[in-house]
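Welcome! Keep the view open beside the text and look up each place as it comes.

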There are 2 protein chains.
Amino acid sequence: MKKNEVSILGAGLIGSLLSIYLKKRGMDVHVYEKRADNRAGAYKEEGRSINMALSDRGWRALEKAGLREKVLPLTIPMYGRQVHNEHGATTFIPYGKEGQAIYSISRGRFNQLLMNEAEIEGVNIHFESKIEDVDLRTNELHIRDKEGQQEKVGSEVILGADGAYSSLRTAMLKQVRFNYKQEYISHGYKELSIPPTEKGEFAMDPNALHIWPRGSFMLIALPNPDKSFTCTLFLPFEGERVSFENIRDEHDVEGVFQTYFDDAYQKMPNLVSEYFNNPTASLINIECYPWMINKSLLIGDASHAMVPFYGQGMNSGFEDCLILDNLIEKLGANAWELVFAKFQKSRKPNTDAICRLAMENFEEMKADVADPKFLIRKRIEARLHELYPNDWIPLYTMVTFSTMSYSEAYTIGKLQQNIMDGVMSNPLITQNWDKLDYADIIDRLDKAKAV
Amino acid sequence: MKKNEVSILGAGLIGSLLSIYLKKRGMDVHVYEKRADNRAGAYKEEGRSINMALSDRGWRALEKAGLREKVLPLTIPMYGRQVHNEHGATTFIPYGKEGQAIYSISRGRFNQLLMNEAEIEGVNIHFESKIEDVDLRTNELHIRDKEGQQEKVGSEVILGADGAYSSLRTAMLKQVRFNYKQEYISHGYKELSIPPTEKGEFAMDPNALHIWPRGSFMLIALPNPDKSFTCTLFLPFEGERVSFENIRDEHDVEGVFQTYFDDAYQKMPNLVSEYFNNPTASLINIECYPWMINKSLLIGDASHAMVPFYGQGMNSGFEDCLILDNLIEKLGANAWELVFAKFQKSRKPNTDAICRLAMENFEEMKADVADPKFLIRKRIEARLHELYPNDWIPLYTMVTFSTMSYSEAYTIGKLQQNIMDGVMSNPLITQNWDKLDYADIIDRLDKAKAV
């Protein structure tokens, strides 16, 4: 039987980047991917992707792999949220300080680039290879290839980068004392698009993440280099006035869009066909522990799939790869079990924190960003950060524009939230916000941190 | 292909009782059980059972099936907890009012009785039939029989009473939007025993649940009709001074028992061999939703496995059967999907509540029951219940000696807990407890309930 040094399950974003790291360390790396190679011929997106937003953690991981310059041309910087109200008026809320941005990128194109880079490094990607079972005792993969033949492949280590529906995790689930949670939220999503204008230009400001928050549902749009926008509609599956269940025909789709998203609707000539041709996808949160059994390890979505509302799914997965590679660097390439044990122990509290934040940010995105008080709150926090750049860092900035651990960001974020709730409870805050005693707010935070 | 009207997975306590209910309604009922029939020949317990404690909910369900009188001779009433301290001194804490008891019963014997009764009714139990897969689209079971032959069996409905490691639930887990959580606690357990004395008598009071609470671990013992006690040792798997990991040999076992459980140790001649021959089992909490897909339904542990610390695992499963049968009675035997939908919707908040209570009671059992203040707290609550029998019902009584819904018991229990925390914070409570203004406490509860 063939025996690989390293087998990676999944040639998605995380599996591909991970394969590059390990190949650069001189290992024999094989990646097994159940889909066919989509790089040749006409490229067709699956119609169920949400554009990715690369932020600091992701960039740092790409940098260590020497990929920053190659990825940059695929991206478009977004400096803030452009909030659209029901009358089409917009308000711009910066994500951070001037020049700070998150970078829109298409999952499909990005994945193709990473697979190309992996193959250039010498990684073997085996497409159309379905993992039917993983024997955790012997570290053997049972693989069904495109001809329908089953093959067993041994591995020194197995890394499961095979996403929310991970085969490796399914095998681990049957082991004793494996803790596991999968939770679907009440909302689903559908991909739509805004094409370029007739003159071939972007139909809206390309340097923002556009958002139409409507309380129990919302629409977002992220720019693409071809001057289109990829839109994502988030609706409850059932119940509510506006839900996937209640949109049955062309008439319903147009009614909802004209009523709630009219300015977007005017820019969406393919709305109805896209609505009915693209699938309605669900959103899952997954937490589990341990991530390792013997010499196999879960990584990325396989160990911590999160809802997409903080834009950190891919970024946290890339950070996983970076941290794992740093541990291999430090402890040596033969100490797999020690590396895995240290990795899961240090990383788990952080991925728990970002999973929770992603869930909480859904409420903020669909409701609060439309609230005038939310804008003031953001302004006060921006001012605090400007005056005391090291003492008050808004939560979004800690998560997105720093590489501070997610759990530390979460803890400090909660302290800041309590203080800001107090500040915002002042009934005159709308008028007085710029006359606040900012030094006193910083004092309060310092005291809270000391407890 | 053969098609059953009703297929039940699992001939355990829940599956057997459920089969009796449905057979009594005139249905064609087939039960598939992966174990062999253990009723013939020498009966051997598996060495990993915790004795069951039947309480009001369980009795009510048995009563409707006409089984109360048949089960009673297998049971021994336990009127309270007999708490053993490290010096062998004991304190008795009644479970309820005089005459109220929970009933110790051996899982194995009880299961045999229910299987016998099911067969007398005309239920077909197929032993050594392993469910390898369930096709939820066609409601087909893929069964591997004892000869190793695979058979496909169609069913009008499938009821998964196949416990914490349910095959039906495994099939459901792959369906979209199935929410699932499995959580192992840090403690495991091991079955031990206290045999009858040389004179053939019980070695301790048979009408109590004996408990040796030691903070981070504990031992319990429940009586059997053969005058032995089935003991269960609960220890952390790892870490701590006393854990399964740290007990390596005969010397360690005896050291731990002599130090912490000396009065029990004197009565356990087979301790060392039992300790090393019986497996160390783990404890899992499972919550999931939905419980139904099309015409298949999870019931009992398959949908809500809980830790054993409230003695409600079997009782809640029997109550599931009763509630399901009541819905069939009301809505008719052909309205399966409606019955299942109503069942899961009304039952889920209640099983969530008892799962949570079971987890919380672990803390109480291993720590608080050894605290003198705990005893006073129990006495105050008993007095309140005596003075105001309808206004203050201790949580344990609501769960164990009533058929009030678990979620209502949980909510009222939390209100009472807050009030009792206030009462117990009085530094002189140890001296003054019987001079409290009990009417005022009831007033406070009424106000809290009104909010």
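Lys227(A) sits in the loop that runs between strand S14 (218-223) and strand S15 (229-236) of chain A. Please keep in mind that this is a predicted model. Lys227(A) has a positive phi of about 70°, although it is not a glycine. With a relative accessibility of 30%, Lys227(A) counts as partly exposed.

**Other backbone features**

- Glu128(A) is not a glycine, yet it has a positive phi of about 50°.
- You will find Glu128(A) in the loop between strand S8 (124-126) and strand S9 (130-135) of chain A, and its relative accessibility of 30% makes it partly exposed.
- In chain A, Tyr289(A) and Pro290(A) are joined by a cis peptide bond with omega of about 0°; Pro290(A) belongs to the loop between strand S16 (281-289) and strand S17 (292-293) of chain A.
- In chain B, the peptide bond from Tyr289(B) to Pro290(B) is cis, with omega near 0°, and Pro290(B) is in the loop between strand S16 (281-289) and strand S17 (292-293) of chain B.

**Domains of chain A**

- Chain A is divided into domain 1 (3-76 + 106-182 + 286-361), domain 2 (188-282) and domain 3 (371-450).
- Between the C-alpha centres of domain 2 and domain 3 of chain A there are 33 Å.

**Helices of chain A**

- Helix H10 (residues 313-331) of chain A has 19 residues, and from its first C-alpha to its last it reaches 27 Å, close to the 27 Å expected at 1.5 Å a residue.
- Helix H11 (residues 336-366) and helix H14 (residues 406-424) of chain A pack at an angle of about 50°, their axes being 7 Å apart, so H11(A) is oblique to H14(A).
- On the H11(A) side, the residues that meet H14(A) are Arg347(A), Pro349(A), Asn350(A), Ala353(A), Ile354(A), Arg356(A), Leu357(A) and Glu360(A); on the H14(A) side they are Tyr406(A), Ser407(A), Tyr410(A) and Lys414(A).
- This contact of H11(A) with H14(A) has six nonpolar, two polar and four charged residues.

**A helix pair in chain B**

- Helix H12 (residues 372-387) and helix H16 (residues 438-450) of chain B pack at about 85°, with 11 Å between their axes, so H12(B) is roughly perpendicular to H16(B).
- H12(B) brings Ile380(B), Arg383(B), Leu384(B) and Leu387(B) to the contact, while H16(B) brings Tyr438(B), Ile441(B) and Ile442(B).
- By class, the residues of this contact of H12(B) with H16(B) are six nonpolar, no polar and one charged.

**Two buried strand residues**

- Ala53(A) is part of strand S3 (residues 52-54) of chain A. Its relative accessible area is 13%, so Ala53(A) is buried.
- Which residues does Ala53(A) contact, leaving aside neighbours within four places in sequence? They are Met78(A), Ile102(A), Tyr103(A), Gly311(A), Met314(A) and Asn315(A).
- Ala53(A) and Ser104(A) are 51 residues apart along the chain, and their C-alpha atoms are separated by 4.6 Å.
- Cys231(B) belongs to strand S15 (residues 229-236) of chain B, and Cys231(B) is buried, with a relative accessible area of 0%.
- Not counting residues up to four places away in sequence, Cys231(B) touches several residues, including Lys190(B), Leu192(B), Ile194(B), Ile220(B) and Met268(B).
- The C-alpha atoms of Cys231(B) and Ala89(B) are separated by 18 Å, and these residues are 142 residues apart along the chain.

Key
Residues are numbered from 1 along each chain as its sequence is written. Chains are lettered from A and ligands numbered from 1 in the order in which they are written. This is a predicted model: local features need pLDDT of at least 70, side-chain atom pairs count only at pLDDT 80 or more; totals for chains, interfaces and linings use all residues. Side-chain values use heavy atoms; hydrogens and water are left out. Axes are lines fitted to C-alpha atoms, for helices over the stretch in contact, and angles run from 0 to 180 degrees between N-to-C directions. Helices (H or I, at least four residues) and strands (E, at least two) are DSSP runs, numbered from the N terminus. Angles under 35 degrees count as roughly parallel, over 145 as roughly antiparallel, 65 to 115 as roughly perpendicular and the rest as oblique. Contact means heavy atoms within 4.5 Å. Ala, Val, Leu, Ile, Met, Phe, Trp, Tyr, Cys and Pro count as nonpolar, Asp, Glu, Lys and Arg as charged, and the others, Gly among them, as polar. The expected span of a helix is 1.5 Å times one less than its number of residues. Buried means under 20% relative accessible area, exposed over 50%, partly exposed in between (1.4 Å probe, protein chains only). Domain bounds come from an automatic or database domain assignment.
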